[in-house]
Amino acid sequence: MIDVIEALLHDAVAAGTTYLLGTIGEIITERSGVQNLGIEGMMIMGAVVGFGVTSTTRNVWLALAAAALIGGLVALVHAFLSITLRRNQIVSGLALTMFGVGLSGLLGKAYVGLPLPSKLPKFYVPLLGDLPILGPFLFRHDLLTYLSLVLVPVLWYVLFRTNFGVIIRSVGENPAAVDALGVSVEKMRYVCTFVGGVLAGLAGAYLSLSYTPAWSEGMTVGKGWIVVGLTIFAMWGPQRALLGAYLFGGVEVLQFRLQPYGVSASLLATLPYIATIAALLIGASERMRKRIGAPSALGKPYIRGEK
Amino acid sequence: MAERRSKEKEGPYAVEMVKITKRFLDVLANDRVSFSVTSGEIHALLGENGAGKTTLMNILYGLYQADEGEIYIRGKRVSIRSPRDAMQLGIGMVHQHFKLVATNTIAENIALGLQLGDLRTAVKFPWLFQNPLPDVERRIKELSERYGLRIDSRSRIWQLSLGEQQRVEIFKALFRGVDVLILDEPTAVLTPKEAEELFRTLRTMASEGHAVIFITHKLDEVVRISDRVTVLRNGRVVASLRTSETDKKQLARLMIGREVLFRLEKERVQAGTPVLEVRELEALNDKGLPALRGVSLKVCSGEILGIAGVAGNGQKELVEVVTGLRKATGGEVRILEKEVTNLSPRSVAKQGVAHIPEERIRVGVVPSMKVSENLMLRNYRTHEFTRGPFLDAGFINEHSRRLVGEYNVQTPSVNTPVKLLSGGNIQRLILAREMSGDPKLIIAAHPTYGLDVGATEQIRQLLLRQRKKGVAVLLVSEDIEEIMSLSDRIAVMFEGRIIGEMPAEEASIEAIGMMMAGMKP
Amino acid sequence: MKIEVARREVPTRLALILSSVLSLLLALIVAGVIFLGYGVDPIEAYKRIFSGSFLSPYGFFETVVKAIPLMVCGVGLSIAFRARLWNIGAEGQLLMGAIGATWIALSFPEAPAIALQPAMFLIGFVFGAVWGLIPGILRAKFGSEVAITSLMMNYIAQRILEYLVYGPWKGPGEWGFPYTTKFSVSGQLPRLLGTRIHYPTLLLGLGLSVALYVLTTRTRFGFEVRVTGENPEAARYAGMSFLRIAILTMLISGGLAGLAGVGEVAGVQLRLRTGISTGYGYTAIIVTWLGRLNSLLVVPVSLLLGGMLVGGDAIQLIGLPFAAIDIFNGLILLFVVGGEILMEYEVKVRFQ
C-alpha cells in the first residue's frame, strides 16, 4: 500500500513539473500585464529543440539551454506583437501556438521514434531520499524538477520582497503609475514575457528529455493551454501554482493508474481538461468572494495618455 | 549656456519655460507659453478645462515633449525627455488621477522605482533584487513626523480615502527630494478641511525653499494660497500677476474672456408630484464595502435635485443603483410610484428614465460605431426603429438627422464613427439620444465635466428647459457652483448617506463645504 | 520632401483588404524561406500547390470539398468574434456535430434519406450548439475566458470521439481500425457528379453566409452583438443582457461548426473515425480573421485556404510533412494580426 502511495506521489510530481515550470513562467508574464496564450507553441518548440540538440550533440545541458532560448525567442515575437504593436493578445498567442506546433512537426520529423542518446540524470538526494513517502515524493527527481521546486520560493521572494517584484506587480495593475515614474512599462513587459517563454521552453524540454522521453508530433497535447488555466487557478501566486501543478500531475497519473480497471483510456484522458475548466471556475468563484483578481491591466496594451 | 536672471531675486528662476508650443493633431494646446517660478513661491496656473495647463505641466514633467520652446532649470537649459529626467532635475508631480497601485501597500508604492533617480551611484542589476521595504518604511516614519502627516506604511491603497491617497502621492515626491512640486487640481477630491491641511503642507514646503506649482480652475484657492498666478486661456498666457495685486473678478474675466454670470437665469417652477423616490437604499461598491448606507431622497417633477459631495462618497453607486446598473442590497427605488429596485437597466429606462453617464466615452457611446447607431443605442427595440427583427434603416437615418440638427451635434454625417467627434459633440449626442425618449426623469452625472464653455452652457440650459417642461432631474456634480446655480434643492452625500438637504436659496458654499466634510448642519 | 506619419482613426475598406493580401504574401515568403531551410524548393512547392488546387479540375473540386467545412465554421466564428467571444472551440464543436449525425445515422439506417439527412443536420447542429453553449455560459456567469474553456472542450471532444470509435461504435467488420460502419446509402449526403462535393452542406454554407451577414448588419440582434463586442460597458448601459447575447451567439457559432461536422462525416468520410477533421476548426479561425469577421468574405477566403489544405496533401510528395500547413496558418495569422498596425497609420508624402 505504501508502495502505491509512494509511486503515486513520485509520479505526480514528475508529471507536475511541466505544469509547474510553465505556470511559474506564465505568472511572471501575466503579473506584468501580458497574456501569453502561445505557451503551447513555446513548450513544443522547447521539446523538439531539446530533443534535437541532445540527439546531435549528446549534451543534455546544451539542449536545455537551447530549449530555454528558443522558448524565449518565440516569446519575444509575442512580446513584439502584444507590447510594441499593441495587437490582440489572444489571437497573437494562438497564432504563435499554431506556428510553433507546425514548425516543431517539421523540425522533429527526423527524430520521431528515435531513442534519446543521453538522458537528464536523476539525482537521488542522499539521506532525504531514503525517507519513507517523502523520499520518493520530493527527493528522487531530476534537475528540472528540483529547479521547479526551488523556483517557487524564489518567485515568491522576487515578487513580494524585491524592487523588481514591486515594479512587475505595479506594471500589471497600473502601468500609468509606473510610467509616470520614468520606468519603462514596455521594457518590463518584454523581460517578463521573455522569462515566461524561457520557462515554457524548459517545461517542454522536460517532456521530451525526461518525462516521456521521446519526441512525437504534437506531444504537448494542450499542456500549454492547461498552464494558462492553472495560472488563473493559482491566483497568480506561487504557492497555489505549486498546489495546482501537482494536483494536475496527480490527475494525469491517475489517468494511467485507472486504466487497468477497465475504464476507457480515452475517457480518462479527458480528466486533465475537465479539471482545467473546474480550476477556472474555482478561481472565478474565489475571485468573487475574496475580491482578489487578475492583474488589472492584464491583456490591455498600454498607451500613454489614455485613462 | 545662457544664465537667465529673475527681476526681483538674486539667482535664476527655479523653473523657466520659454515660448512653449505643443500641438496635438489639429489642436494647439500650448501656444508660445512662457512661464516662470522662483523657489519658495507658490504659483497657481489658472484656466478653464482645456486651457492647456495640464499639458504645460506634463511637458515640464517629461510626459510630453514640446514642439517648440525651451526649458531652464535654475538657469541651465535642459531637455526633459521622460519623467526620469524630470525627477533627476528635482521635479515631482502629483497628478489629478493618482498614479498609485491600488492593491499594493503604501510602502510598495513609494518604493516603486525609487532609486532610479539616484542612478549615478547605484548599479542597476543588484538593486533590482534588493528588498526596499525596511528602508522605505523607516523613512516614511521620519518624513511623516517632519511634515505632520500621518500614514501607515503597511496599508493598501484601496483602503485609503482619496485625501489620504493624495498624501501618499506627495510623499512619493518628497522621498525623491524634489525642489519643484507640481500639483494638478489637488483639491478636486478633498473636503474643505483636507484642503486646509494640504495648503498648510504646501506653505511649509514653500518656506523651506521648494517651488510649488498648482493647477486649478478654482478662483478661491488661487486667492487664498498662491503668491503669483498665471492665467491661461485657449493655450495662451493671458496674464501673469502677483496674487496680491488682483481679485477674483478680474481673474474670472481673464480666465473666460468676458464678464461671467455667476448665477444662471432660472425661472421659478412649481414642483409637482414625486417622480423618483429612494428609501433607505443600501448597496456595496466594487470592493464589497458598503457604499450606500441608507440613502433616502425624493425628486419631484419640474425640480432639479443637486447632489453635492466629494467623489467617492457613494454618488457613483447611487446613480448606478437608480438606473439598474448595480444591485441594491437593501431599501427601494420607486419611479412614479412603481417599484423598480433591482430591475434591469432596460426596464428602468422603459419607465421613462434618461441617464447621462459620468464616463461618456467609456460607457455612453460605442466609439467605433456610427452616429446613427449610437443615437438608437437606448431605444432600438421600440417599434419605430424596427420592422420585425430587422432594423428600419430609413427611419434610423431620418431620426438621426433630425436629432443631429436639433441638438447641434457637429459631425460630417450621421455615418461618421463617433470617435471622430469632439467631447462636447459626444455629450450633445448622448443628450439628444436620452432626451428623444421624452423622459420623465433625467439622471445627469457630471454632465459638463471636461467640456468647453459653449457646450457647458448649452447643456445647463437644456437641463433647465427640461425642468420647465416638468421633467424631474437628479444632478450629480463636483462643481459646487454648478449645483448651486442649477438646483432647486441640494443634498450633500457623505460616507454613503445624505448628510443634509436644503433649498438652494438657503444654501451657501460654507454650509455645503462643511457638510461635504462630514459636519452636520 | 517631407514624410509624415499620422494616426488614422478609421481604416478604409481598401486598406483592410490590402492588408489581408499583404499578410498572405508575407506569410508565403517566410514559409518559403523555412522550406528552403528544409531543403525544399519553395517555388516548386507553391507551383504544385497552386496548380494542384486550382488549375486541375480534380484539384479544384477537392479544394471546394475542403472549403466547405472552413466556410460553415468560419461563418459561425464571424458572429462569435464580433461579440469578442474568442471561440477557439470550433474544432470540438465540429466533432460533436459529427458524433450527433453518426448517432442518428447508425440508429436509423433504414430511414429514407428525405427524413434521415435533415434529422442528421438538426441533431448535428444541436450537439455543436450545446458544445459551444457551455463556454459561452461559463463566460457570462463566471467570466472564464472562452478561448481557454472552448479549447479544453476540443480535447475533450476528441477523446470522446476516440472512445466511441474504439469502443461502443466500432464497426464489427472493420478489423481494428477505429471506424464505425459505413453509413447506409440514405445516410450519405448526395454529391455533385464525379466529385466528392457534398452539395447540401455547400448550399447550407452559402445560404448561412448571406443569412449571417444580414443578421449581423440589419437586425436588432446583430446590432446587440456588435455593440457588445465593440464596447461591453456601453452594452450594459444600454440594457443589453450579456448572458443572452453570449448564449445565442455561441449557440449559433457552435451549431454551425456542428453542421460542418455533419458534412464531413456524412458527405466526405461516410463513417465516423478519428482524424475526421484535419484542424478545420482551427483553420477556420484564420479564414474568419482574414475575412475581417465578415461572413460574406469568409466564402472566397475559405476557398483560398481550402486550396492550401489540398496543397498540404500535395506537398507531402515533395518531402514536407502535413504539419507544414500549421506553419502557414500560424504565419498568416501572425502577419494579419501584426499587419493591422499599418492600418492605424497613414503615410503622407509632402513635396515642398
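**Chain folds and contacts in a predicted three-chain model**

Chain A contains 13 helices and zero strands, where helices (H or I, at least four residues) and strands (E, at least two) are DSSP runs numbered from the N terminus. The structure is a predicted model, in which local features need pLDDT of at least 70 and side-chain atom pairs count only at pLDDT 80 or more, while totals for chains, interfaces and linings use all residues. Residues are numbered from 1 along each chain as its sequence is written, and chains are lettered from A and ligands numbered from 1 in the order in which they are written.

From the N terminus on, the elements of chain A read α-α-α-α-α-α-α-α-α-α-α-α-α. The C-alpha atoms of this chain fill a box of roughly 60 × 45 × 40 Å along the principal axes. A compact globule of 307 residues would have a radius of gyration near 19 Å, and the 19 Å of chain A agrees with this; the radius is taken over C-alpha atoms, and the globule rule is 2.2 Å times the number of residues to the power 0.38. Of the 307 residues in chain A, 58% are buried, a residue being buried if 20 or more other C-beta atoms lie within 10 Å of its own, exposed if 12 or fewer, and partly exposed in between, with C-beta atoms placed from the backbone. Among the contacts in chain A with a separation of 6 or more, 79% involve residues 24 or more positions apart; two residues are in contact if their C-beta atoms, placed from the backbone, lie within 7 Å.

Within chain A, helix H7 (residues 163–173) packs against helix H9 (residues 185–211) at an angle of about 105°, with the axes 10 Å apart. Axes are lines fitted to C-alpha atoms, for helices over the stretch in contact, and angles run from 0 to 180 degrees between N-to-C directions. H7(A) is therefore roughly perpendicular to H9(A) (angles under 35 degrees count as roughly parallel, over 145 as roughly antiparallel, 65 to 115 as roughly perpendicular and the rest as oblique). H7(A) contributes Ile167(A), Ile168(A) and Val171(A) to the contact, and H9(A) contributes Val185(A), Met188(A), Arg189(A) and Cys192(A). By class, these are six nonpolar, no polar and one charged residues; Ala, Val, Leu, Ile, Met, Phe, Trp, Tyr, Cys and Pro count as nonpolar, Asp, Glu, Lys and Arg as charged, and the others, Gly among them, as polar.

Chain B has 18 helices and 22 strands. The C-alpha trace of chain B spans about 75 × 50 × 45 Å along its principal axes. Buried residues account for 48% of the 521 residues in chain B. Of the contacts in chain B between residues at least 6 apart in sequence, 67% join residues at least 24 apart.

An open antiparallel sheet in chain B is formed by four strands in the order E2-E1-E4-E5; strands pair if DSSP finds at least two bridges between them. Strand E2 (27–37) and strand E5 (76–78) of chain B lie at the edges with a single partner strand each, so one side of each has no neighbour in the sheet. Neighbouring strands of this sheet are turned by 30° against each other on average, direction ignored. Helix H1 (residues 53–60) of chain B packs on the sheet and touches E1, E2 and strand E4 (68–73) of chain B, with its direction at about 115° to that of E1(B). Strand E1 (residues 15–24) of chain B pairs with E2(B) in the antiparallel sense over seven bridges, and Phe24(B) has Val27(B) as its bridge partner in E2(B).

Strand E3 (residues 42–46) of chain B is mostly covered, with five of its five residues buried. Ile42(B), Ala44(B) and Leu46(B) point one way from E3(B), and His43(B) and Leu45(B) point the other way. E3(B) runs parallel to strand E8 (residues 211–216) of chain B, joined by five bridges, and Val212(B) in E8(B) is the bridge partner of Ile42(B). Four bridges pair E3(B) with strand E9 (residues 228–233) of chain B, also in the parallel sense; there, Val231(B) is the bridge partner of Leu46(B).

Chain C touches both other chains. In its contact with chain A, 36 residues of chain C meet 36 residues of chain A. H13(C) gives the most to this side of chain C, with 13 residues. The side of chain C that touches chain A comprises 25 nonpolar, seven polar and four charged residues. The contact between chains C and B takes 17 residues from chain C and 25 residues from chain B. H8(C) gives the most to the side of chain C that touches chain B, with six residues.
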